[in-house]
Amino acid sequence: MTKRVHQPREDAEFDFILKMSGVPVLAYFIGTWPKAIEPCRAMDLVVGAIADEYADRLTAVRTDITRCPAATKRYGITGAPSYVLLKQGEAVAHATGPMTSTEVRDFLDSHL
């Protein structure tokens, strides 16, 4: 995975990344239970490439649902993978499920 994708170990670190980002944040929430592992791993590749492509316009944050339960609850995440686009800490768009690179770009471009 690219180094441009942050991976907070806890909610405080997630909140710090949001606070320090000067650009919108794409938080993508992953799960570690058996049915979520493969779709979430696939999204690691997609979001990693998008993070590189949008590096000057976006901060990507890979958020483990079990490590960041407060963030998961705050943004109403009920499944994985899920995506929340945040501007100045406020959610402006949500999506759930595996997406192609084109779908992620469309999701971002319609809200950035």
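Start by selecting Thr59: Thr59 is buried, because its relative accessible area is 13% (buried means under 20%, exposed over 50%, partly exposed in between, with a 1.4 Å probe and protein chains only). Before you go on, know that this is a predicted model, where local features need pLDDT of at least 70, side-chain atom pairs count only at pLDDT 80 or more, and totals for chains, interfaces and linings use all residues. Residues are numbered from 1 along each chain as its sequence is written, and side-chain values use heavy atoms, leaving out hydrogens and water.

Thr59 sits in strand E3 (helices, H or I of at least four residues, and strands, E of at least two, are DSSP runs numbered from the N terminus). Show its contacts (heavy atoms within 4.5 Å): leaving out residues up to four places away in sequence, Thr59 touches His6, Ile17, Ser21, Val23, Pro24, Val25 and Leu26.

Next, click on Arg57, in the loop between helix H2 (34–53) and strand E3 (59–64). Arg57 is partly exposed, because its relative accessibility is 38%. Beyond its neighbours within four places in sequence, Arg57 contacts Val23, Pro24, Asp109 and Leu112.

Now for the largest nonpolar core, which has 37 residues (buried Ala, Val, Leu, Ile, Met, Phe, Trp, Tyr and Cys residues joined through side-chain atoms within 4.5 Å). H2 gives the largest share, seven residues. Finish on Phe107, one of the residues with the most contacts inside this core.
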